[in-house]
Amino acid sequence: MQKVEKFSPEINKVYFIESHTLIHVLSGTGSIQVDFKNYFDWQEKAIFLEKGQYIKFLSDDFVVRRIEFSNESKFYNNDVRVLFKHLISLGYIDLLECNECNAFLSETALTENSADIIDVSSKQWFWQNPFKANKEEYQVIFDTKDIIDQEYNNNLTSNDLVSHINDRGYNAQALIKNKVGLTVKNLMQTKRLQESLKEVAFTDKNIQEISYGLGYKDDAYFNRVFKNSVGQTPKQFRENFDFESRDIFSQDILELLQKYHTKERSLQFYANEMNLSIKALSNKVRAKMNTSLGQLIRLELINSAKLMLLEGQSIATISRQLGFEEPNHFSRFFKHYSKITPTEFKSKKYNS
């Protein structure tokens with residue numbers, strides 16, 4: 001059994017994930033945030049989230065489908081957990097490459113048996129093969145992630161942690177460094193930081209209580225580690241994350257970008273519109289939205305370009321409307337930030 005819901009999420013609202021969930025963005029522009037990371041290329045993707053995570057939508061025009069699955073035991077299956085146990089980024093399926101996934105997610109195909117989308121998606125995930133590993137290597141990697149999720153606050157060394165794993169004849173530490181690009185220690189630190197951020201942002205515990213609960217023996221040391229990692233003290237981060245009041249700064253800057261991004265690229269223009277200096281605006285965007293103003297401008301340009309490509313407009317027309325001097329300048333820009341040429345994007349969409 002599962003719960004299927006179509007809705008328009010509120011901007012900047014934190015939606016806590018209470019059970020294993022699939023999020024399918026049906027329409028909208030802008031970016032999403034999952035566990036304090038912003039993601040900009042959400043289009044045509046099915047996003048998989050596990051209990052304890054959260055998602056925020058950084059624009060007010062999204063329409064999404066949310067499918068919540070109640071069969072918890074299914075998600076401990078070794079082939080299925082790859083969708084939900086995020087290693088360094090967000091778990092997703094590229095729907096442009098999965099016709100079978102699209103069939104399950106179509107309006108007419110959502111039935112009581114639509115949990116089969118999980119099986120279809122896990123097969124697709126292994127086909128996408130994001131870390132270029134074989135299935136046995138993936139089991140070692142995700143066994144390690146399972147242990148990290150259980151033991152992150154127990155001050156285990158990398159060697160201690162790896163000793164808990166059935167490494168199936170592999171050197172787990174070397175395998176993870178080679179395939180994931182991070183050490184076991186890096187993965188442990190990332191998990192610990194993520195839980196630190198959640199405790200600071202979503203609870204009213206004092207910093208000493210949080211630091212002890214996460215296995216730090218000295219709250220002053222926790223403060224230093226937190227600031228070195230985040231660029232803000234725990235107190236500053238709690239104030240800037242703005243969990244309860246959800247001020248409209250993010251909406252204001254996104255509305256400006258949507259209105260002017262085809263004409264205005266200068267930071268000074270947006271700073272003037274927001275009545276701030278460039279430095280103050282840049283710092284506030286970074287603190288509130290965990291990204292840079294320049295990246296937000298590029299995101300709007302890429303989103304507009306994709307929509308125009310899907311409408312069948314020519315590259316020359318799009319280039320001119322988005323303010324590029326030459327079509328080849330636009331094509332280089334698009335490929336640099338999308339990892340695919342405009343022509344390839346259009347062909348991929350129409351052939352899916």
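Biologist: Which residue in S9 does Ala46 stand opposite?

Modeller: This is a predicted model. Strand S6, residues 45–49, is joined to S9 by three bridges, and the two run antiparallel. In that pairing, the residue of S9 that stands opposite Ala46 is Ile93.

Biologist: In what order do the five strands of the open sheet lie?

Modeller: The pairing in this sheet is antiparallel. Strand S1 (2–7) and strand S9 (92–94) are the edge strands, each pairing on one side only. From one strand to the next the twist averages 15°. The order is S1-S8-S3-S6-S9.

Biologist: Which helix packs on the sheet, and what angle does its direction make with that of S9?

Modeller: The helix touches strand S3 (21–27), S6, strand S8 (63–69) and S9. It spans residues 116–128 and is helix H3. Its direction and that of S9 make an angle of about 75°.

Biologist: Which residues have the most contacts inside the largest nonpolar core?

Modeller: That core has 55 residues. Helix H7 (residues 184–202) gives the most to it, with seven residues. Those with the most contacts inside the core are Ile93, Ile118 and Trp125.

Biologist: Which residues does Trp125 touch, leaving out those up to four places away in sequence?

Modeller: Trp125 is one of the residues with the most contacts inside the largest core. Ile93, which stands opposite Ala46, is among the residues Trp125 touches.

Biologist: Which cysteines form a disulfide, and how far apart are their sulfur atoms?

Modeller: A disulfide is counted where two cysteine sulfur atoms lie within 2.5 Å, and the count comes to one. The pair is Cys98 and Cys101, both buried. Their link is right-handed, with 70° about the S-S bond. The sulfur atoms of Cys98 and Cys101 are apart by 2.1 Å.

Biologist: Which element of the protein chain has the lowest mean pLDDT?

Modeller: For the protein chain the mean pLDDT is 85, and 94% of the residues reach 70 or more. Among the elements, strand S2 (residues 15–16) has the highest mean, 94. The lowest, 73, belongs to residues 342–351, helix H17.

Definitions and conventions
Residues are numbered from 1 along each chain as its sequence is written. This is a predicted model: local features need pLDDT of at least 70, side-chain atom pairs count only at pLDDT 80 or more; totals for chains, interfaces and linings use all residues. Side-chain values use heavy atoms; hydrogens and water are left out. A nonpolar core is a set of buried Ala, Val, Leu, Ile, Met, Phe, Trp, Tyr and Cys residues joined through side-chain atoms within 4.5 Å. Buried means under 20% relative accessible area, exposed over 50%, partly exposed in between (1.4 Å probe, protein chains only). Helices (H or I, at least four residues) and strands (E, at least two) are DSSP runs, numbered from the N terminus. Contact means heavy atoms within 4.5 Å. Two strands pair if DSSP finds at least two bridges between them. Axes are lines fitted to C-alpha atoms, for helices over the stretch in contact, and angles run from 0 to 180 degrees between N-to-C directions. pLDDT is the predictor's confidence in each residue, from 0 to 100.
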